[in-house]
Amino acid sequence: MRIVPLSLQFLMFLGLQVALSLGLVFYLNTLATNNFQTFQRASSGFVESSKTIETLRKSFAATSAQIEQITSQFSAGQRVDVRDQVLALQQVAAAIRTDTALAGLREVAGAQINALSRSIDQQAQALINAAAATASATPAEVKDIQSQLRKERSRIMVDDFGALISAANQNLEDTMALLRGSTESLSSQYQTLLILFIVLQIALMMTALWYFNHQIKQLADITDRLIDGEATAALPQQKRHDQIGRLARAVQHFRTTLITLSDSREQLKAILKKHDQETLSRRKAEKQLALTASVFENVQEAVLLTDISGHVTRANAVAQEMLHSTEKQLAAKPLLEFLLGHDAAVLEPLWRQVLEQGYWSGEVEFTPENAPTITALISIKLMGEAREGRGHVIFVLSDHTEIRAREAKMRFLAEQDTVTGLYNRHYFMTQGEKRITQHPNATFSIVLIGIDNFRSINDALGHHDGDQVLVEIGRALAALLPASAVLARVDGDEFAFYWTPKDEQNQEEELRAFAERALAAARQPMHINSYQITLKISAGTSTYPNDGDNIEDLIKTNDIALSMAKSEGGDRLYMHGAQAQNLARRRFMLQQALDKALGKRELRLSYQPQVSLANGQISGFEVLMRWRHGGEWVSPAEFIPLAEETDTIVRITEWAFTEACNRIREWQRQTQDTFTVSVNLPPRLLLIDKIDERLVNIAKQAGLPLSSITLEVTESSFGSDPSLMSDQLHRLAMQGFTIAIDDFGTGYSSLAYLSTLPISKIKIDKKFVDLISEDAESCKLLRSIFAMAESLELDIVVEGVETVDQLVLLKKLDVRMDIQGFVFEPAQNEDFWEGLFLEGKTHVYEVPELRSPKQKAAPEGNNPVTFN
């Protein structure tokens, strides 16, 4: 019997070990792959059916929204065409019954699918019946039909679709339960195999140990015999044909071949060591290869390997599923041609870059055959040396389709107004910026349309109906504008669109005509529930580049134009937004300068006399403020309202009050006469705590009696509630000040607050004086005011008397009053009055003296007038 050489025995043992290990790894990998593929098929089926159900549900929801819009137009005696909506419902029902993505679900949830499709078909039939029934239905029946249709749609969305989704989820749970059971069984098999493998390995190791120990023992026996001096004796092992036999024969020549034998031993050690190292390296490589294969198959990204020419050599399951192709189909042409859809000549520079630089990455869109478009991030990596023609290329594809779809949806929501469905302010301004950037020399206009007093609509009808009003206006404007126009809701009740003139020579006329058409469209009566509403609409325009060279300035100009249109009564078009913006800029600049006017000594006081109509003597002065800024006199009508918007009015009023008290006290001292001084008291000053004490201190420091000071308050200061300032006015009157109403008859006059507030004087507004010479009714009204004032024991000052005729007519009324106006003297600065009082005498003005009643009456209208 021929004995196998010892080295071959050792190799056979190692081969058996490797074979057992590879067998175990392959078997375990096969079990894991089968389990993963089963799980993948189950999850893919669930995802596909879920997506299909969601798509059908969205289709039904969209159709329901259309039906809701159509049924809201149902009215008694009219028929509405619902064929498109019925067809849409029938298509959804047919898709539910036949869609292949629901094939698996039909086996376990056929009842829910059939119930859902029947409900949708019934909804379609109910819609047909409802459209036919409205022709003969009453309004109440129409509302009932609308309500029933709406309830049935809601029930389908919630109950039937919900039942189908629950069935899909239950199917997935059942499948996952089976998979869990399979996984537990697989785990049990893993444990059993591992135990058997360990036992087998131990048995093999023990067998090998015994076998090799036995042979080594034979070698030890020969060595012992050599030590015992049997070098020349014939040894029983010399007839063996393996290493032991050879060793026995070699011992016979031990003495002569000792050195050679020693060298052979060293060589044998080196060979064995190298063999062990190679075995270890091979095992590591096998483990690394197994790990790489596992990663390649189980990674969630699509991974493909190509050769240097770009043809696919291997593709994992994810890649084949994403590209809807097998490895054989993918290998038919270079992968880049498959993905990018261009021929080799176009893609050659890109592929050359990959081979030269070793890497390329980018996001592309491609459409596999019979599959939807996919957006994917492609990463390409060269492994090896392309110049030597060896190596391969790794493609990794990350599916970004859903991410980009969500981003697109977010962009859409960021650009859309949720109430009207139009564009929002952000998108509108972005488009304007693009217009200016791309066509900086092209002229265009912006039309801004706003609803006058829209808040009252919300208060009366509620926000839901208010939103419906906005929707209707948006529709009316959209119907007027071309489909490519950018129409947006830029604020709560404001809409805007861009308009380009056809003829730049007549741009202003074209813009006005089109803006008027847009206003007319928005003003059309609309029906909201049971209300017919006709709105008042205003509009403002701006034009690039005349009114601004950027979109921010153009929008600001439009806002100002619309505000001006509303401030002028509303329901109108304001075309001069740039002028309004200039006025706004001037207001801002004046307001900033006014805050520093006192420090720069720009404010001056003028004094207009109040003259007794009885004798022409000056009874007092009204203090009027003047402002010279930047070389021009700014009108009080312009800067006083600006000051009243801030606390500046408080500071300049206190300054004026102090200066006037000091000046009047000085004039009283010079003339030895008693003058009163009238100072306008702004509403903001009345709201300051302890203002009465501050004014008293100022007057006392000037040495002026409080009875000489009249505080004038305009009627508009009271608003509709005079009690807001009542306590402050009473405190001022209690201190000794005279309280007067300025511009009487122009605000919110009422006998109620004349009798309840501490009023001692009224000043009749100029508009009554302007009409008394032409309008008999104005004379009657003026007589009534005087009679009321006398009955309430109020002093009277008539403002704005400019002609002698007006003075005569007032004197005929035979009422004690003071006159203030140009007929005697305009407002003059303090230097004028200082010069007039220089001699210490009071100036007396001439007043007309009426003809004595005892004289013969002259014809009416020709009464002679004389002056003192």
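A quick term before we start: rings of Phe, Tyr and Trp (its six-membered ring) pair if their centres lie within 6.5 Å, and planes under 30 degrees apart count as stacked, over 60 as edge-to-face and the rest as tilted. By that rule, the structure holds 21 aromatic pairs.

The model is predicted, so local features need pLDDT of at least 70 and side-chain atom pairs count only at pLDDT 80 or more, while totals for chains, interfaces and linings use all residues. Residues are numbered from 1 along each chain as its sequence is written, and side-chain values use heavy atoms, with hydrogens and water left out.

**Stop one: rings.** Select phenylalanine 444 and tyrosine 498. They make an edge-to-face pair, 5.6 Å centre to centre with 75° between the planes. Phenylalanine 444 belongs to strand β7 (residues 444–451) and tyrosine 498 to strand β9 (residues 494–499), so the pair ties together parts 54 residues apart in sequence. (Helices, H or I with at least four residues, and strands, E with at least two, are DSSP runs numbered from the N terminus.) Are these two buried or exposed? Both are buried, where buried means under 20% relative accessible area, exposed over 50%, and partly exposed in between (1.4 Å probe, protein chains only).

Next, pick Tyr607, Phe621, Trp667, Phe675, Phe832, Trp833 and Phe837: ring pairs link them into a cluster.

Most residues other than glycine have a negative phi, and most peptide bonds are trans. Go to tyrosine 544 and proline 545, which are joined by a cis peptide bond with omega about 5°. Proline 545 sits in the loop between β12 (537–544) and α16 (551–567).

Then jump to arginine 601, where phi is near 55°, a positive value in a residue other than glycine. You'll find arginine 601 in the loop between α17 (577–594) and β14 (603–612), and it is exposed, with a relative accessible area of 65%.

Last, select aspartate 743, whose phi is also positive, near 55°. Aspartate 743 is in strand β19 (residues 738–744) and counts as partly exposed at 25% relative accessibility.
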